[in-house]
Every structure is written in C-alpha cells, then in structure tokens.
Amino acid sequence: MVDNYTSNFIKDIMIKDLESGKHKEIVTRFPPEPNGYLHIGHAKSIIINFGLADEFKGQTNLRFDDTNPLKEDIEYVNSIKEDVKWLGFEWDNLLFASDYFEEMYKRAVLLINKGLAYVDDLSADEIREYRGTLTEPGKNSPYRERSIEENLDLFARMRNGEFENGQKVLRAKIDMSSPNINLRDPVIYRISHATHHNTGDKWCIYPLYAFAHPLEDAIEGVTHSICTIEFEDQRPLYNWIVEQCEMENTPQQIEFGRLNVTNTVMSKRKLKQLVDEGFVDGWDDPRMPTISGMRRKGFTPESIRNFVSETAISKNNSMVDSQMLEHFVREDLKMKAPRTMGVINPLKVVITNYPEGQIELLDAEINPENPEMGSRKIPFSREIYIEQDDFMEEPPKKYFRLFPGNEVRLKNAYFIKCEEIVKDASGNVVELRCTYDPETKSGTGFTGRKVKGTIHWVEAAHAVPAEFRLYEPLILDEEEGTSDEGKTFLDNVNPHSLEVLQGFVEPNMKESRPQEKFQFFRHGYFNVDPKDTTVDKLVFNRIVSLKSSFKL
C-alpha cells in the first residue's frame, strides 16, 4: 500500500536499522488522541505507519493517547477504529495510554527520587510568565528546590485527591535557561478531577502528552516513532524522558512534513468549532476533511491511499491542491461506477406525438469504459423530465441544447424538437411540448441527419424522487494580500458550500443502498448518503464533478 514510497528517508532509516542488527523487527504505532475525528492529514500518518510496517513484515499498534479526560470520549475512539479499518489496515495490538497509568506514575516517582522532578504551586499563568520567551531565558520557580521527601509526599497526596484542579502540578527539572522552551521544566502531571472513559474515577492526576507519549512508545517496544514535523522541537524532551525514566527500549522519533490541502482546515480545534457552532451538521458532514466526512461524501479508501502516496514523504510541510484529491477519486471510480441518469432541476416535457399509455424499454450501457458491467433497461414514454438548464427560450450563439424549433437527441432514445412552451402566471417555463422522430432511435444506425446536442432525461411515470446535495469547498482560501487583521478562519467559511435540489432518477435506482456510487450523466459522481437515505427517501451526495483542469 506504499508502493509509491519506494524511496523515502524513513524507509531508508528502517533498512539501515535492520541491516545493522539494531532492530530485529520494525514496530510502529498510530497514536491518535481520542478528542476528535481523524482528518485527511491523519490518513497520511496512518498510511505511513501501517504501510511501512507491513512492507517490512513488522507490527503496528493502534494506541490511543487518552491522557486528558476532559476532552476525550468513547465516540472518538470508535470513529477512529472505523476509519483505520476503512482505509484498509488492521492493527496488531489495540492499546491505550491509560493501560500504563500505574507505570507512568512509578516513572514520575523515579524522577522525583533522582531529583529530576518537583511539585510546583505556581498557577498556569505564573508558570507561563516564569517560562520566558524565545529570546529571554526563564526563571526558576520558588518551589523548584523542594526536598525529595516533600515532593514525594505532595505527589502522593495529589494522587489521593487532596488538592483541587490547578492547585499543584508535577514538573520535570531540566533547564530553565535552555534555548529550547520545551526543556524549561515542562509540566508532566496535572490534577484533573474528571471521569476517564477507560479508568473511571480511579485517577485524579493525569500525565501530560509530552511525558506520556515517549513512555508509551518505550513500553510497547516501538522502534520508530513517526510523527509530524511540529514535534521536532520536542524530540530532545522525548529522548530525555526515555533516558531519565530508565526505559529498557529506546524508540527513535522521526518527523515528516504535514499534509495540508487547499480550501480546508486541518486543526481539530477548528474542525470542532465548525461542528459546535453549527456551520456543518456533524463531524461526518461531507464538507468536512474528516475521514468519516469523506467516506460519507463518497470517497473510496483506494482514492485516499493513492492520493497520499502521490504526495510522498519529506521533511517539509506540503500544501496540496484539493483538486488533486478529487482527481484520484475520479480515477478510481471511472471504471467502477455504474452510469445512470438523474435530473436534479426538473422541467417536464410532453412528447405530443408519442402514443399515450405506451411504455418502451430502451437499452443503455452501465459503463461504456467497462463493457463487462453489461447494460440496463430504461423506460421511455410520452412524458419525461429534463434539466431546466437544458432549455433556453432565447439561446445565445453556440447553444446546442433545447430551444424553440431546435432538435436534440435524448440520451439512449430519440431526437425531439421543441414545438411549444407552457408558462405559469408568473411567466416561468413549466412545461415543454415536443415531437419525436421514431426513426432516430439510438442503436438503429440512423444517419439521415445529425444534431449537435445530446441531453439526459428521466421518464416521468416511473421516475424515483431523489434529493441531490451539491458541494463546494467549505473554506474559501484567501488571495495573497487580502487578509485583514482581526479575521478568523470562520470569516472564510463559504456560505454556498451546500446546495440541495429535489429531482428524479431512473426507476432502477429505487433499490440503491447507502454508500453505492454512480456517475450521473453530465453531473458527476454521486454517493448514496448513508445517514439520511431511508426506504422512502433517496439522498445523493455529489463526490466530484466529471471534469477538472487539474493535471498531475
């Protein structure tokens, strides 16, 4: 699954480590925090960690870094497990940071006994103030020189619940003048009287991520701890914790560049804000860059894996055009998706010279690019629906669809000519009266004359009502030089990111099931919505339009 990663610096490191005998087996992990849904950026990490381990016949743990009960929920755990499986991967072990809380506590006690950790009474704001800046060193806390005995006593009392949230923290004692701010006595334990989704109320102190994460990797025997580039500055702290906590295994942290995509945001905090403030209808809204949102929209796991593989692995963050992602789903679906016809903005057409009450079944290919998929039968009768956009009363030059006196071909059917327009009291066109030529039936080899336009349609008597949801980018990227101070990303939310239309599909679509994908003639690729589709209501999400100017 990582064939396009045949040459990358992480793989090269693994090869050297195996050849030198440093490791007998590659062990990686995917370590999400269960405080939100995974997005397309996480997909890259999943594919790298699982893919490289698979390639070297190693192991990958799915491990949840569940160290903050205030933000975590079992809902997120379940969604992450579903996402990993849907992308095509199986973990060797399902683990949680909370599995190791007792061991982490012991390692913190070890640091205290070594004089390398202390209980601090400073508030969060005071700790921030004492920390210093990028250009100015920090200063020592007045509690930094507490005795080992006093620190052991206070830390035990923290665990026993004698103090309130924020009253005390445990800090590593490293170097308040270090040029790396991460080494300026970082907080490694905090008090949080909150129920944990795994451990209940057993604990009221919790390790911070920066302390817990390296310990988890070491406990599990992870050989290569692969993470995104923003953790590079934390690598010295990672190594310090593994060394000073005297862990038997020493994982190697390796950073790679983040994947960013245009017209979206990748921050879980921002994505949660979009959900909480009602800009979308949930984490799985098809406009969201979450894996669950992309799955609901209709993206395939193959398309995401191929997209991620094409972006390659490097040390540099990348900004990828969202059209590139769409390109890969088109490529994946063009041979798989059945072709069909759907009218999303219907206009009724009566073919006045077609026999009343007659229903004719016409042949249509299921997928012309994949003849093995066969053909289907579609009904045709006196009354049909076409797209409103396929008719103009006063057309411009080079308009080849339907207008008064013009003749077009109905896809898989006959030539029809517009003879009469019916309007309502407001002057809107509500119906067309047309005639057809029975000699022009598709497949008969008729060559008597040619028409320049072909339009799609749905037979009216057997048409199945359907809802069509058309999507545009959720976030409008700013043009260079247009950013205003005081604006937030919410100011760039596209108010026209969703358009909902009521139309009709062919009768053979009546039995469509959630997550089935189709190509609607001229409209694009669509997915049957798995959340809102019912026995009595079909809902189609447009995955992508048919064409794009994007080229690899």
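Start by selecting Phe 101 and Tyr 206: both are buried. Buried means under 20% relative accessible area, exposed over 50%, and partly exposed in between, with a 1.4 Å probe and protein chains only. The model is predicted: local features need pLDDT of at least 70, side-chain atom pairs count only at pLDDT 80 or more, and totals for chains, interfaces and linings use all residues. Residues are numbered from 1 along each chain as its sequence is written, and side-chain values use heavy atoms, with hydrogens and water left out.

**Stop 1: the rings**

Keep Phe 101 and Tyr 206 on screen. They form an edge-to-face aromatic pair, 5.7 Å centre to centre with 75° between the planes. Rings of Phe, Tyr and Trp (its six-membered ring) pair if their centres lie within 6.5 Å; planes under 30 degrees apart count as stacked, over 60 as edge-to-face and the rest as tilted. Phe 101 is in helix H4 (residues 101-113) and Tyr 206 in strand S7 (residues 205-207), so the pair ties together parts 105 residues apart in sequence. Helices (H or I, at least four residues) and strands (E, at least two) are DSSP runs, numbered from the N terminus.

Now select Tyr 105 and Trp 203. This aromatic pair is tilted: 6.0 Å centre to centre, 55° between the planes. Tyr 105 belongs to helix H4, while Trp 203 sits in the loop between strand S6 (187-191) and S7, 98 residues apart. Both Tyr 105 and Trp 203 are buried.

Across the whole structure, a search finds 27 aromatic pairs.

**Stop 2: charges over rings**

Select Arg 159. Its charged end sits over the ring of Tyr 105, 4.6 Å from the centre. The criterion is NZ of Lys or CZ of Arg within 6 Å of the ring centre and within 35 degrees of the ring normal. Next, show Lys 168, which lies over the face of Phe 163 at 5.0 Å from the ring centre.

**Stop 3: the sheet**

Switch to cartoon. What is the strand order in the open sheet of 4 strands? The order is S4-S5-S6-S7, with antiparallel pairing. Two strands pair if DSSP finds at least two bridges between them. Strand S4 (117-120) and S7 stand at the edges with a single partner strand each, so one side of each has no neighbour in the sheet.

Zoom in on S6 and S7. These antiparallel strands are joined by 3 bridges. Arg 190 has Tyr 206 in S7 as its bridge partner.

**Stop 4: salt bridges**

The structure holds 52 salt bridges. Each is a side-chain nitrogen of Lys or Arg within 4 Å of a carboxyl oxygen of Asp or Glu.

Asp 121 lies in the loop between S4 and helix H5 (124-130) and Lys 168 in the loop between H6 and S5, so the pair ties together parts 47 residues apart in sequence. Asp 121 is partly exposed at 22% relative accessible area, whereas Lys 168 counts as buried at 8%.

Select Arg 157 and Glu 162. In this salt bridge the closest N and O atoms are 2.7 Å apart. Arg 157 is partly exposed at 29% relative accessibility, and Glu 162 is partly exposed at 46%.
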